[in-house]
Amino acid sequence: MIESSKVNKILYGGDYNPEQWPEEIWEEDMRLFKLAHVDVVTLNVFSWAALQPDESTYDFSKLDKIMECVQKNGLKVCLATSTAAHPAWMARKYPDILRTEYNGMKRKFGSRHNSCPNSPTYRKYSVALAEKLAERYKDYDNIVAWHISNEYGGECYCENCEKAFRVWLQKKYKTIEELNRVWNTSFWGHTMYDWDDVVLPDLRTEEFSWDGRPRTNFQGISLDYRRFNSDSMLECFKLERDVVKKYTPEIPVTTNLMGCYQPLDYRKWAKEMDFVSWDSYPAFGAEYGHNAMCHDVMRGLKQGMPYALMEQTPSVSNWHKYCALKRPGVMRLLSYQALAHGADTVMFFQMRRSIGACEKYHGALIDHVGTENTRVFREMTALGKELEQLGDKTLGARSRAKAAIVFDWDNWWASSLSAGPSEAINYYDEVFTYYCSLLQMHIPVDIIGVTDDISGYQLVAAPLLYMCKDGFDEKIRKFVKEGGTFLTTYFSGYVEDHDLVITGGYPGRLRDILGIWVEESDAVPVEDIGIRHTFTYKGKTYPAEILCDLLHLEGAESLGAYDNDFYAGMPAVTKNRFGKGCAYYVATHSDAAFYRELLTEIAAECGLESLAVTENHGAEACDAENGAGQLLTMVETTLRENEEGRFLFLLNHGEKEEKVMLKEGGSDLLSGKHYEGGAGLVLEAKGVALLQLG
Ligand code: GLA
Ligand code: ZN
C-alpha cells in the first residue's frame, strides 16, 4: 500500500472480522465506517478453519461475500493469508505442526501463532492457502497489500526444528570442524563428532533459568539457535510471499511486526518485505520515548522508507494487566506520533468488538453497544475527518536525520545471553538511554543496522556494541577518519560474529579508533551494598552504574574520572581524535543528567541542530514530574520532508499546556493558524501541531 498508485491519502481503518457476525451487521458496519471516514480494512486474519474445513475442501463462499461487500462500499483491503492459527483437523491429523516448548512440552491444539515453522505440513498447507487466495482475489483492484500470517513470533524446540537446525548449520559452517571452532566446543568436552550430535539449546540441554532469566552454557549454540529460529519463520513468510507474488506481482507484501521484539531479527526480515508494518501497543502511562524509539526502529529497517501503522488500539488493550482507557486525545496523539516518525497509515485493531473469547474487551471502533454514540467512535471520526483533509500532503515524506544510533539484533541476543559480567546489562535500555537524550533535545535520529550506509551522518552512536561484526569496525574507522563522530560504551568490541572473544585487549577491533585499552571491568551490584560509585565530568558528579571499565589511555584524552574505590582517578569518559573525526567512549552507565550534558557537547561539536525549543526545557520539569532519569520535556518533535514541503510535527505528551519556540515559521495544517519564526506555539495537553514550514 505504501508508495502505491492506489493510495492518495493516509489510509485509515484496520482489522475487521465480519466472519464473526451475521450479514445484517455488515450493512450496519458499512454505514458506521462511512461515518468514521474509514477507508481500509484488514480482512481474513484468522479464517483458516473456515476457509479449509478439511484436508481437501476449500470454501471461500463467505470471504467472497465479504470481499464483494467491502468493494461495493469503496473500501480498500489489506488481505491477510490466515495462516497464523492452524485448523483443528490439521493438528489432529498431523501433530508435527504442533510446537514444542522450551521445557520440552509438546503442545496440543489451541491458542494461535502455534505452528512449528519447520513443519513440512504447515509449510505445505499455509502456502497452498495463500496461493488459493491470491488466485481467487487477484483481480480485486482495491487490494492495497498482502498481510502474510500475523505477528510471527515465539520459538519451537521440536524434532522438525532440530533436524532443520542441523541443515541450517551445515549450510552456514560447511564442516563439523568449523562448527566446533565457532562454538568453542573444546570447552567442557562438547566436541561434536557428527551433525546428528547437535541438539537444540533448551531447558533439556544447554539452557537453564536463573532467577527467571534464561541462561546458557554455550553462547555460540544459543545465539545460532536464535538466528535459526528467526530465519525459520522468515522462510515461512517468504514461501507465502513468493506464491502470492506469482499472481499479483504489483501488490506489495508485508507482515505486521511488533516493534522492538527480540526473538526475530527484523532487519533481516525487512529485506524480504515490500514495506514494513507494525503493531503499536504502548502500555498505559509508558514513557512516550519507548514508542518513539520503536517507530524509529521500524522506519530504520528499510532505510527510512515510510511504513504502515498496522494496528493500535482505539482505547484499551485487553492483554495489559490493567486495561486503562486511552484518555481523550491520546488515540489522536499516538496516531500522529506514528505519522511523525514516518508512518503513512493509521490503522487499528479492531473495527468491531467480538462477543466471545479473550479479545471481547479489546478496544474497537464499534463497541458492544453497536452505535456511533460513544466517545471512542466520536474521537475516531474526528481523526478520520482530519486525516481526510490532510490528503496526500505528507505521504512519502522522509526524515533527514544527521545522527544515527545502531540497534542490532545479534548484539541484543549476544549481550543478553552472556554469562557475566553483569545481569544488569540490558542492550535495549542502554540504546534507549542515548536515544532518549537526543529525542528530548529535539534532535532527529535514525536507528540503523551495522550493514547500513553511515557516510551521511555526523554522529553514529553504537551503545553496548558487544559484538563488533566483521567489517563494521572498518566502516567506523573510515567514518571517523573522514570526520565523523563515533560513540560507544562499556561492554563493547569484545567478540566477533560467533561470540568468540577478540584477543589482544578490549575493546578489540575498536581499540585503535577509541584510543583506549580496557584492562578490567567491575560490575556494580544493583542491590545497595553501601558503595556508591561515581565519576566527575566537567566538575559535576554522576553515578557510575552497571559496569565500570578500568581503562588506560592509548592516545585518547580523559574527559572525566572515577571518584572512588581502587580505580579512583582512572578515566570514565574518553575522547580520541582519529583522522579528521573523533570517538567517544563512556566506560560506565550513568543518569539522564549526564547523558544530557555529554550529548549537548557532542551535538554542538558535530553541528546537530534541534528542531525546536520548548520553553520549560529545564531540569525542574524533569525532577518534579518524571523523576530522575526520565524524559525532560513532554513535547516531542520530528521533521518529515517530501516534494510538497517540510513538515514539523509537535506532540505534547504531557498533562499540561506547553509552549514551543519555533525556529522557523509555518502554517499548522490542523488548526489553520500561521506562525512566524521565533514565535511561541502553545500546545494544549495531548495536543498536536503539524506545521508546514516556510
Ligand atoms: C495483536 C494481533 C491482533 C490482536 C491484537 C490485540 O496485535 O495482531 O490480532 O490480537 O494484538 O491487541
Ligand atoms: Zn518445531
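## Strand β1 and G14

G14 lies in strand β1, which covers residues 11–15. This is a predicted model. G14 is buried, because its relative accessible area is 0%, against a cut-off of under 20%.

Leaving aside neighbours within four places in sequence, G14 is in contact with V40, V41, T42, M347, F348 and M351. Its C-alpha atom is separated from that of E311 by 6.7 Å. Along the chain, G14 and E311 are 297 residues apart.

## E684 in a loop

E684 lies in the loop between β29 (680–683) and β30 (688–693). Is E684 buried or exposed? E684 is exposed, because its relative accessible area of 54% is over the 50% cut-off.

Residues up to four places away in sequence are not counted in what follows. On that basis, E684 touches N652, K656 and E657. The C-alpha atoms of E684 and A544 are separated by 38 Å. Those two residues are 140 apart along the chain.

## Helix α6

Helix α6 runs over residues 159–173, 15 residues in total. At 1.5 Å a residue, the helix should span 21 Å. Just after α6, K174 takes a positive phi of about 65°.

Which residues of α6 are buried? They are N160, C161, E162, F165, R166, W168, L169 and Y173. An α-helix has 3.6 residues a turn, so residues three or four places apart point the same way. The cover over the buried residues of α6 includes α5 (120–137), α7 (176–182) and α8 (219–247).

## Cavities

How many cavities of 30 Å³ or more does a search of the whole structure find? The search finds three. The largest cavity has a volume of about 120 Å³. It is lined by 15 residues, and those closest to its centre are R99, S115, Y122, S149 and Y152.

By class, the lining of the largest cavity has six nonpolar residues, seven polar and two charged.

## Confidence

The mean pLDDT of the chain is 95. A value of 70 or more is reached by 97% of the residues. Over residues 617–630, the pLDDT is below 50. Beyond near neighbours in sequence, this stretch has 23 contacts in the model. Where pLDDT is low, the predicted coordinates should not be read in detail.

Terms used. Residues are numbered from 1 along each chain as its sequence is written. Chains are lettered from A and ligands numbered from 1 in the order in which they are written. This is a predicted model: local features need pLDDT of at least 70, side-chain atom pairs count only at pLDDT 80 or more; totals for chains, interfaces and linings use all residues. Side-chain values use heavy atoms; hydrogens and water are left out. On a 1 Å grid over the protein atoms alone, a cavity is a set of points where a 1.4 Å probe fits but cannot get out, and a pocket is an open set with protein on both sides within 12 Å along at least five of seven lines; lining residues have an atom within 4 Å of a point. Grid points are joined across faces, edges and corners, and a volume is the space filled by probe spheres set on the points. Ala, Val, Leu, Ile, Met, Phe, Trp, Tyr, Cys and Pro count as nonpolar, Asp, Glu, Lys and Arg as charged, and the others, Gly among them, as polar. Helices (H or I, at least four residues) and strands (E, at least two) are DSSP runs, numbered from the N terminus. The expected span of a helix is 1.5 Å times one less than its number of residues. Buried means under 20% relative accessible area, exposed over 50%, partly exposed in between (1.4 Å probe, protein chains only). Contact means heavy atoms within 4.5 Å. pLDDT is the predictor's confidence in each residue, from 0 to 100.
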